[in-house]
Amino acid sequence: MPAPRRFRICCLVVAALAVLFVPGGFTPLHAQTPTVVHYWLWLDDPTAPMFDSLVKEFNASHPGIKVEYQLVPLSEYHDKVVTALAAGSGPDAGRFKDWWLGEFVKLNALEPLTPLIGKWPGRAEIIENLWETGKIMSSGPVFMLPHQFITFYLYYRKDWFAAAGLKPPTTFDDFLVAAKKLTDPTKNQYGFGLRGGAGGQDQWLAFFSAAGGRLVDGQGKVILNNEQGVKANQWYIDLFRTLKVAPPSAPTDAYAQCLGAFQAGTTAMFAHHVGSSVMVTQKPGADSVGVVPIPAADPKKPATMVTMAGNVVFAGSKQKEAAFTFISWLSEANATDKWSSSREGQLPSVKSVSKLPRYTNNPFFKVSLDSANFAIAWPPLPGVGYVSAQGWQANMQRALVGQISSKDMLDEIARALQR
Amino acid sequence: MRSPGRFSAEAKGRHGRGGTWVLPLFLLSPALALLLGVVAYPICRAVWLSFHHFEILRPDLSQFVGLDHYRDLLTDPVLRIALANSGLWVAGVVCFQFLGGLIGALILNQRFPGRAAIRGLALIPWATPSVLVALMWTWMLDGNYGLVNDLLVKAKILSRFQPWLAQPWSALPGVILADVWQGVPFFAVMLLAALQAIPEDLFEAARIDGASPGRVLRHVTLPLLLPTILLTVMLRVIWTANYMDLIMIMTGGGPGYSSLTVPLYAYYTAYKRLDFGSGATIAIVQVLVLAAVMVFYLRQLRKNEVMVQ
C-alpha cells in the first residue's frame, strides 16, 4: 500500500475515533445519548412477551430514556436485590412486593416518591385506598407506586359440587361440609389443596383473616398470637391434622403442586388469585371451575388477603427522575391494561382500567376486585420479608406435622415480625 | 538421583542469594493474587463477620459484638437439629454412593457386550445438572401423583400414596436417595479406573491358588483399591457436607427443620433473615466440625498406611 494512502486511512480512523470518544467535542452526538435506567423485575412466566414489548414501547416513546431490564425469579429476587444494592451494582428501579417494604425502608434503601408523585398527572387515576400499600404509615411518604395487586379467592370444582348436591361455599361451615364430603383418600381425592410449602403464607393469611385473626392492631402492635389468632390458626391446622381434608403432601406443597393437584382432580378446592385463572380454565376447564370469595367464619365479617406488586426507585440510583418516569408510565392506563390482560395478568390499580368490561365481565377478576373491599395486607414491618421467605414456612410445617402447637407457631412468627 | 553439585547450587540459591526468589515470586503472583482474592479474603471476611452485627445495606451501623454470635449458637436448638441432619445426610449419601459405586465399578469391569456404551450411559446422572435432578426427583417422589408411589402401589408394596417429602421421617432419606442416584457414577468411575490399574496377574495368581471370587475381592481387589477409596470418600464427604442445592429445591429444609442441614441454615440466616453475622458464624462452625472430622480421618488413614507398610 503506498504511504500517502496509508496516512489518509490512519487520519480517517483517528477522526472516527475522535467523533466517538472525545467528550464534549461533538456535542450533537453526545447530547443524544439517552439516560439508561436499569430495572429489575420477576414474572411468573419469564417467557411471556408482554413486558419486553412494553419496554420497547416506552423506549420508542421516550427518546431521552433507555430502559434496560433484567428478569430475576421471585424466589431469588429479595436476596439478589439486597446483595446488588450492598455491592453498589443494584438497579435504579424495580418491581417490589409490599412484604419487603418495612425492611428496605428501615435500611434507607428506597427513595420516598411523594414529591415525584405530586408532579405526576396519573396519580388521580390510582384507586385511592391502594396508596396505603406503598406506605409505612398512613401519614408518611409513598415508597412504592401501586401497580398490580392480587386478592385471594377460592376455586372450586363446579361439576363435583353439583354432583354432590353442594352449594358454593361462602361460610366456613359450608366449606367444611364440602371439604369433608369431597375427601376420599382411597381415590386420592381431597377437599382442599392446603399450601404448606413455599409461598403458602398468603393463602394462610387469607383464611387466618377470614377466621377472625389479625396480624396487627390499629396501632401497628403485633397481635397475631392472641387468643383469637391461636383459634383461627388452629382451625387452619386442623384442616390437615385432624379433619384430613387436605392431601398428605400439604406440608410441603407449593404453588406448582397445589395447582397441579387441582388440575389433575386430586383436590376439589384451591385458594389462589387471578394469576392462575387462565390455567384453571384450560384444565380442568372453564365449565368445571367456579370461583367464590374466601369463605368467612362470620359471614358478616368477610376477609381475605391482598398483596401489591408495585414499583420502587432505589435510594442509591443516580437516575431517579428517569426511573420514576418509567415506573409511573407502567402505572398509567395503557401499560396497566396491557399487563393485566396478559397471561401475567393481575388486578389493575388504575380506576378506568378496572372498570373495563374485560375485567368486570370476567368472574375471576370480578370476585378479586370485589374482595379488595375487605382484604387485609401484610403489615409493613421489617420482619415480613423473612417471615414470607422462610419463617412462616418452617413454623407452619412444624405445626402441620405436630412438632409445635398453634400458639408456639404464632409466637415464633410474632417474634420474627417484630425483629 | 540429584547430583551433589546441583543440590548445593539450589541450596545456595535458596539461602545465599535472596534475589533468586524475585522471579519465581513474580511468576507466581497472578495465581497468588487469585488465591488471596477468592480463598483467603472470603475466609477472613467470614471470620470478621462472625464477630460483628452487620447491616448489609448500612455497613456504617455494623457493630463489634465479640463472641455473641457463637454464644447464641450454643443455645440454638435449630443448629443442633441442623448438625444432626448434616451428619445423617453426609453418612447416608457417602455410604450408599460408595456401595453403589463399588458394585457399579465391579460390574463395569467385567467383559460383556455393549460395555463401552453402558459405561458412557452410566455417567448420565453425574452429568445432569443438580437443579434438574432435584426437580425430577421432587416430581417422582410427589405424594399425589409421583412415579415412585405409583410403582410401589402397583407392586402392592404400598396400599396408598405416601408424601415422601412432606413427612419428617422420610424427607431427608428422600433427598439422600436423589443425591445417591446422582453421585454413584462418580464413585463408579473412580473405582473403575483404580480397578483397571490392578495387574491381571494378581487375580490370575489368586484364582490358580484356589481363591473364591469373594476371597479375591476381599484379599486382592479391596486392599489395592483402598488408597482410591480413602481419597474419594474424603473428597465426597467434604463436597456432600457443603452441598445444599438438592435439599433447598426439594424440601427447602422442611417439613419444619426435618431436612435442614448446616449450610442451608447458614444460607437462610444470612440471606433470608439478613443476619450475616450469625450466618457467617454458622458457616465457621461447619468448617470447624468438618476440619475436625477430616483431621481424624487423615490420622486414621496414616495409621492404616503404617499398618500396610
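Start by selecting L274(B): this residue is buried, with 23 other C-beta atoms within 10 Å. Keep in mind that you're looking at a predicted model. L274(B) sits in the loop between α13 and α14 (276-308) of chain B. Check its backbone, too: phi is positive, about 55°, even though L274(B) is not a glycine.

Now hop over to chain A and pick N188(A), in the loop between α8 (172-181) and β6 (190-192). Is N188(A) buried or exposed? It counts as buried, because 20 C-beta neighbours lie inside 10 Å and the cut-off for buried is 20 or more. N188(A) is another non-glycine residue with a positive phi, near 55°.

Next up, cis peptide bonds. Select K283(A) and P284(A): the bond from one to the other is cis, with omega near 10°. P284(A) belongs to helix α12 (residues 277-285) of chain A. Then try G254(B) and P255(B), also joined by a cis peptide bond, with omega about 0°. P255(B) is in the loop between α12 (245-250) and α13 (262-272) of chain B.

Time for some helices. Show α4 (residues 77-108) and α9 (residues 168-196) of chain B, which pack at about 40° with their axes 6 Å apart. That angle makes α4(B) oblique to α9(B). Their contact involves 18 nonpolar residues, seven polar and one charged.

Last stop: the largest nonpolar core, with 176 residues. Highlight A93(A), Y155(A), Y236(A), F326(A) and Y265(B), which touch the most other members.

How values were computed:
Residues are numbered from 1 along each chain as its sequence is written. Chains are lettered from A and ligands numbered from 1 in the order in which they are written. This is a predicted model: local features need pLDDT of at least 70, side-chain atom pairs count only at pLDDT 80 or more; totals for chains, interfaces and linings use all residues. Axes are lines fitted to C-alpha atoms, for helices over the stretch in contact, and angles run from 0 to 180 degrees between N-to-C directions. Helices (H or I, at least four residues) and strands (E, at least two) are DSSP runs, numbered from the N terminus. Angles under 35 degrees count as roughly parallel, over 145 as roughly antiparallel, 65 to 115 as roughly perpendicular and the rest as oblique. Ala, Val, Leu, Ile, Met, Phe, Trp, Tyr, Cys and Pro count as nonpolar, Asp, Glu, Lys and Arg as charged, and the others, Gly among them, as polar. A nonpolar core is a set of buried Ala, Val, Leu, Ile, Met, Phe, Trp, Tyr and Cys residues joined through C-beta atoms within 7 Å. A residue is buried if 20 or more other C-beta atoms lie within 10 Å of its own, exposed if 12 or fewer, and partly exposed in between; C-beta atoms are placed from the backbone.
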